[in-house]
Amino acid sequence: MRPTTLLFDLDGTLTDPRPGTVACIRHAVEGLGRPCPEDDVLATFIGPPLRGTFAALLGTSEREPIEAAMTLYRERFGVTGLFENRVYDGIPEMLVEVRPRAAAVFVATSKPTVYAERIVRHFDLDQHFARVYGAELDASLDDKATLVARLLAKESVAPGGAVMIGDRAADVRAAHANGLRAIGVLWGYGSERELREAGADVLCAEPRALAACLGF
């Protein structure tokens, strides 16, 4: 397998956002006067779009409380939470190894672009990526398959020449919906079972093994 273009998820794949994400979810839920689960439970929500997370935690599908939670989340995240984060060990070295062998490398994340770009720059990862593609604050592109489709169209990337790399089932499903192969990484927040059941084409145990998983 020799993909020409690589699409990397952000949370749980390039960086571990647990401290900031968990604290901001708690800030939002408790700010609405609702009971909030323990941190380990909140961490299971890392990766998928936040509106779905708040729908589950608040037990509602109504727009008003979900958007109120989003406002509270961003109140803390935009100032503090996005930097309560760390790059996984081995990620910079892996990117140095694989980037020259690919035609292009992108970030494709469900996190809003305005935050994702700041995180990538803050941790000096922007040198490895042609562009960061993320969701919009108004919930457009929350669906990852739609986000990936937009990336492929805007960059004129043929699906057969690209691969999605991520830690959650949503990454695998988004890849397959667009005709891409999917590599599931095991150092993030999706379990091996989750990734296998989603149909990941390859599982990668650690960053230093990614080049081999790509066939480089």
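**Note on the sheet and its helices**

1. The structure holds an open sheet of 6 strands in the order β5-β4-β1-β6-β7-β8, and the pairing is parallel. The model is a predicted one. At the edges of the sheet stand β5 (131-135) and β8 (202-204), each of which pairs on one side only. From one strand to the next, the twist averages 25°.

2. Strand β4 covers residues 104-112 and pairs with β5 in the parallel sense over 4 bridges. In this pair, P112 stands opposite A135 of β5.

3. Helix α7 (residues 144-155) touches β1 (5-8), β4, β5 and β6 (162-166), and its direction makes about 145° with that of β4. Helix α8 (residues 169-177) also packs on the sheet, where it touches β6 and β7 (181-185). The direction of α8 makes about 170° with that of β7.

4. Next comes a pair of helices. The axes of α1 (residues 18-31) and α3 (residues 50-58) come within 11 Å and cross at roughly 45°. The crossing of α1 past α3 is right-handed.

5. Which residues make the contact between these two helices? On α1 they are I25, A28 and V29, and on α3 they are L50, T53, F54 and L57. By type, the residues of the contact of α1 with α3 are 6 nonpolar and 1 polar, with no charged residue.

Conventions
Residues numbered from 1 in each chain as written. Predicted model: local features only at pLDDT ≥ 70, side-chain atom pairs only at ≥ 80, totals over all residues. Heavy atoms only, no water. Pairing = 2+ DSSP bridges. Axes fitted to C-alpha atoms, helices over the stretch in contact; angles between N-to-C directions. Contact = heavy atoms within 4.5 Å. Left-handed = near helix turned anticlockwise from the far one by under 90°. Nonpolar A, V, L, I, M, F, W, Y, C, P; charged D, E, K, R; others polar.
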